[in-house]
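Hi,

Here is the structure I promised to pass on.

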Amino acid sequence: MSVPQLTIHRHDQRRRTLITLAGEIGLESAPLLRAALARCLSDGIRIIDVDLTPVTFCDCSGLNAFLYAAQRTREAGGILRLHNPAPSVGRLFEVTGCGFLLLGLPLWHLSPSLGKVPDTATAGALPHRSAPRVPVFSGDAW
């Protein structure tokens, strides 16, 4: 049996980042996700936006990784927001009642501004996606 693959791309600018996840988030890949999100905090990132558009599957281990990262980010004075979950992933957040803790606006709805420190009017702004993304972690998540 093959291990589900998760690819994580991270694009930083100052104290913000846009992380794009692609693949499946399950028991095997959740530690990879947790490590990537923890690395953001240790690097001084305080606004973490996660694009879930290419995620095809997420189970409770992935949900737990997101909830843990959201709590740690809040404790550090930051915010973690998930964007554009597939219907099946969105259903996981809905059924567990966790959506209000994690979900932000759809990416297309947000301003592409990245360089400014967000105020209450721009708190939903995401980094501009024109810069090339480089893989942070990739491969089998063992």
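This is a predicted model: local features need pLDDT of at least 70, side-chain atom pairs count only at pLDDT 80 or more; totals for chains, interfaces and linings use all residues.

The chain has four helices and six strands, and from the N terminus on the order is β-β-α-β-β-α-β-α-α-β. Of its 142 residues, 44% count as buried. Among contacts between residues at least 6 apart in sequence, 70% join residues at least 24 apart. The accessible surface comes to about 7600 Å², with 59% of that belonging to carbon and sulfur atoms.

Now the core. The largest nonpolar core holds 30 residues, and those touching the most other members are Leu21, Leu37, Ile48, Val50, Leu52, Phe66 and Leu80. At least two residues each come from β1 (6–13), β2 (16–25), α1 (30–42), β3 (47–51), β4 (55–58), α2 (60–75), β5 (79–83) and α3 (87–96). The biggest contributor is α1, with six residues.

Then the hairpin. β1 and β2 run antiparallel and are joined by eight bridges, with Thr7 standing opposite Ala22 in β2. Two residues lie between the strands of this hairpin, where Arg14 takes a positive phi near 60°. As for β1 itself, six of its eight residues are buried, so this strand is largely enclosed by the rest of the structure.

Cheers

Note on methods: Residues are numbered from 1 along each chain as its sequence is written. Side-chain values use heavy atoms; hydrogens and water are left out. A nonpolar core is a set of buried Ala, Val, Leu, Ile, Met, Phe, Trp, Tyr and Cys residues joined through side-chain atoms within 4.5 Å. Buried means under 20% relative accessible area, exposed over 50%, partly exposed in between (1.4 Å probe, protein chains only). Two strands pair if DSSP finds at least two bridges between them. Contact means heavy atoms within 4.5 Å. Accessible areas come from the Shrake-Rupley method with a 1.4 Å probe; for residues, only the protein chains shown count as cover.
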